[in-house]
Amino acid sequence: MALMTVASGASVIRETVFESRFMHVPELARLGANISLQGSTALVRGVERLHGAELMATDLRASVSLVLAALVAEGETTIHRIYHLDRGYESLDHKLVQCGGDIRRVSG
């Protein structure tokens, strides 16, 4: 979904397993994403650019989606409640820095 937010055109995602899969959609919208939800289907219309914002991670997959979207967003993004990420991705911040990502972990 993160990739779809900046891709040209429209994309559709239909979720058939986890009913709360789209809990991160409002957070992506804070970055400027154009996503419409109707039941278990998300319609994602790509935007030219995303912009930094304060975000709240809701679960493991949503958290990594927010990180990826934040990496392409202009400006600074802060993602709170990243303990979800630590549960599923070992040293994700370090790995993304090695790939050229401008990312850092702060405590507070």
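R49 forms a salt bridge with E48, the closest N and O atoms being 3.3 Å apart; a salt bridge here is a side-chain nitrogen of Lys or Arg within 4 Å of a carboxyl oxygen of Asp or Glu. The model is predicted, so local features need pLDDT of at least 70 and side-chain atom pairs count only at pLDDT 80 or more, while totals for chains, interfaces and linings use all residues. Residues are numbered from 1 along each chain as its sequence is written, and side-chain values use heavy atoms, with hydrogens and water left out.

R49 also pairs with E74, where the closest N and O atoms are 2.9 Å apart. This pair links distant parts of the chain, 25 residues apart: E74 is in the loop between α2 and β5, and R49 is in the loop between β3 (41-45) and β4. Helices (H or I, at least four residues) and strands (E, at least two) are DSSP runs, numbered from the N terminus. Together, E48, R49 and E74 are linked in a network of salt bridges. Within it, E48 counts as exposed at 71% relative accessibility, whereas R49 is partly exposed at 46%, and E74 is partly exposed at 46%. Buried means under 20% relative accessible area, exposed over 50%, and partly exposed in between (1.4 Å probe, protein chains only).

The count of salt bridges comes to six. Another of them joins the side chains of D86 and R105, at 2.8 Å from N to O. D86 lies in helix α3 and R105 in the segment after α4, so this pair ties together parts that are 19 residues apart in sequence. D86 is partly exposed, with a relative accessible area of 40%, and R105 is partly exposed at 43%.

Helix α2 comes next. Its 13 residues (60-72) should span 18 Å at 1.5 Å a residue, and the end C-alpha atoms are 19 Å apart, which agrees; the expected span is 1.5 Å times one less than the number of residues. The buried residues of α2 include L60, V64, L66 and V67. The buried residues of this helix pack against α1 (25-30), β4 (54-56), β5 (78-80), α3 (83-88) and α4 (92-98).

Two of these neighbouring elements hold residues that illustrate the packing. L55 lies in strand β4 and is buried, with a relative accessible area of 1%. Leaving aside neighbours within four places in sequence, L55 is in contact (heavy atoms within 4.5 Å) with E27, R30, L31, L66, T77, T78, I79 and H80. E27 lies in helix α1 and is buried at 10%. Not counting residues up to four places away in sequence, E27 touches E54, L55, M56 and L66.

Most residues other than glycine have a negative phi. S91, in the loop between α3 and α4, has a phi near 55 degrees and is partly exposed at 36%.
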